[in-house]
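Hello,

I am handing over the structure below.

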Amino acid sequence: MDAGGLGPVRQLALGPLGDIYVANLGIRAIWRLNAEGVAKAEFDGPSGIEPWGLAFDGLSERLYLSIQDEDKIYVLNPDLEKIAEWGISGPAMGQIDQPRGLAVDGIGQVYVADSLNNRISIFDANGTFVRAWNGATAGVSAISAPQAVFVDGLGKVYVAESAANRVRVFDEFG
């Protein structure tokens, strides 16, 4: 398969050697493509999964994949073999509800756009809960249905909110 036959693509992540990881919604799979668009690996996962967010951690060489309908984060190696999964469904701190976008910071923490909990939940590389925040401060409303998250090299966290039709910028602590 080449890059021209991907179907509906939901998310992309770039690997350290130039490979492109693609979350394909149409066939509900993840592909690893080389720079020429040739498929090198595929992850189908359990039947019926809905892949949403992708983030590659170059430090640990792990690809994180959010599965919104299972409230799980899958951890894959660069060849798209599942090596772990984590996530507990619910509203409490440390739980997630319809995880969407993902990002990894410079020390390997995984930021999850925790959509139905209206917050950003942060976990270490093994899925241990670190903290969560909703961006609310005096006079500023909380995050509303975050869909995407990005962490830059300076520690700024960018959050796209679908319900509020905006992108907001925070520090790593919200």
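Which residues in the largest nonpolar core touch the most other members? They are Ile30, Phe43, Leu54, Leu63, Leu65 and Leu80, out of 15 residues in that core. A nonpolar core here is a set of buried Ala, Val, Leu, Ile, Met, Phe, Trp, Tyr and Cys residues joined through side-chain atoms within 4.5 Å. Buried means under 20% relative accessible area, exposed over 50%, and partly exposed in between, with a 1.4 Å probe and protein chains only.

This is a predicted model: local features need pLDDT of at least 70, side-chain atom pairs count only at pLDDT 80 or more, and totals for chains, interfaces and linings use all residues. Residues are numbered from 1 along each chain as its sequence is written, and side-chain values use heavy atoms, with hydrogens and water left out.

At least two of its residues come from each of strands S2 (20-24), S4 (39-43), S5 (51-57), S6 (62-67) and S7 (72-76). S6 gives the largest share, 3 residues. Strands are DSSP runs (E, at least two residues), numbered from the N terminus.

Leaving aside residues up to four places away in sequence, Leu80 touches Tyr21, Ile30, Trp31, Arg32, Ala41, Glu42, Phe43 and Leu63. Contact means heavy atoms within 4.5 Å. Another core lies apart from the largest one; it has 12 residues, including Tyr111, Ile143, Val157 and Phe170.

Now the charged pairs. The whole structure holds 7 salt bridges, a salt bridge being a side-chain nitrogen of Lys or Arg within 4 Å of a carboxyl oxygen of Asp or Glu. Here are some of them.

- Asp114 and Arg119 pair through their side chains at 3.1 Å, N to O. Asp114 is buried, at 0% relative accessible area, and Arg119 is also buried, at 6%.
- Arg131 and Glu172 pair at 3.8 Å, N to O. Arg131 is buried at 17% relative accessibility, whereas Glu172 is partly exposed at 31%.
- Glu161 and Arg166 pair at 2.8 Å, N to O. Glu161 is buried, with a relative accessible area of 3%, while Arg166 is partly exposed, with 31%.

Salt bridges also link Asp19, Arg32 and Asp79 in a network. Arg32 is among the residues that Leu80 touches.

Regards

Terms used:
Helix = DSSP H or I, 4+ residues; strand = E, 2+ residues; numbered from the N terminus.
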